[in-house]
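This report describes one protein chain, beginning with a single residue and then widening to the whole fold. The sequence and structure are shown here for reference.

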Amino acid sequence: MPPRVKAPEVLTAPCAVALHARIAQAGAEVLQWTPVTSPVRMRVEASTCHQCSPITYEFGLIGGRWYIRRTDYRRGKPVVHEAVAQRHRIAEERWRMLLAGVAI
Ligand SMILES: [Zn+2]
């Protein structure tokens, strides 16, 4: 009997302990990202892995409204953008779409 081969998604998954946003698929919905020069404290409910990607995403609350924050560390100084505040149901749907690669 040949050795069992792991499924491709297991082999390509960077690590097993954190969330990762999949690479955006063709036709992915483009979220409206606003540059943020002085990010305020967010109560983070979920975040993506910083070990495997220089771009991280956080999903959480600021002042009672839900945000998705993207932080890009590729140029040394973090560059922060936030998606428009939404009610929880809509923001969570966008967060799941982002993780699934159907939103960017
Ligand atoms: Zn990771």
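## Pro-78 and its surroundings

The loop between E4 and E5 holds Pro-78. The model is a predicted one. Pro-78 counts as exposed because it has 12 C-beta neighbours inside 10 Å, and a residue with 12 or fewer is classed that way.

Apart from neighbours within four places in sequence, Pro-78 is in contact with Thr-71, Asp-72 and Tyr-73. Pro-54 lies 24 residues away from Pro-78 in sequence, and the C-alpha atoms of the two are 9.5 Å apart in space.

## The hairpin of E4 and E5

E4 and E5 form a hairpin, with six residues between the two strands. In the turn, Gly-76 has a positive phi of about 90 degrees. The pairing of E4 with E5 is antiparallel and runs over six bridges. One of the residues involved is Arg-69, whose bridge partner in E5 is Glu-82.

## The sheet

The protein chain contains two helices and five strands. Read from the N terminus, the order of elements is α-β-β-β-β-β-α. The five strands make an open sheet, arranged as E1-E5-E4-E3-E2, with antiparallel pairing. E1 and strand E2 (43–47) are at the edges and have a single partner strand each, so one side of each has no neighbour in the sheet. On average, neighbouring strands are turned by 35 degrees against each other, direction ignored.

E1 pairs with strand E5 (residues 79–86) in the antiparallel sense, over four bridges. Two residues show how this pairing is laid out: Trp-33 has Ala-83 in E5 as its bridge partner, and Thr-34 has Glu-82 in E5. Glu-82 is also the bridge partner of Arg-69.

The largest nonpolar core has 11 residues, among them Tyr-57, Phe-59, Trp-66, Ile-68, Ala-83, Trp-95 and Leu-98. E3, E4 and H2 are the elements that give two or more residues to this core. Ala-83, a member of the core, touches Leu-31, Gln-32, Trp-33, Tyr-67, Ile-68 and Arg-94, with residues up to four places away in sequence left out.

Across the protein chain, buried residues make up 16% of the 104 residues. Of the contacts between residues at least 6 apart in sequence, 55% join residues at least 24 apart.

## Confidence in the model

How high is the mean pLDDT of the protein chain? The mean is 87, and 87% of the residues reach 70 or more. By element, confidence is highest in strand E1 (residues 33–36), at 97, and lowest in helix H1 (residues 8–12), at a mean of 44.

Over residues 5–11, pLDDT stays under 50. For residues 5–11 the model has one contact beyond four places in sequence.

Terms used:
Residues numbered from 1 in each chain as written. Predicted model: local features only at pLDDT ≥ 70, side-chain atom pairs only at ≥ 80, totals over all residues. pLDDT = per-residue confidence, 0-100. Contact = placed C-beta atoms within 7 Å. Pairing = 2+ DSSP bridges. Axes fitted to C-alpha atoms, helices over the stretch in contact; angles between N-to-C directions. Buried ≥ 20, exposed ≤ 12 C-beta atoms within 10 Å, placed from the backbone. Core = buried A, V, L, I, M, F, W, Y, C linked by C-beta atoms within 7 Å.
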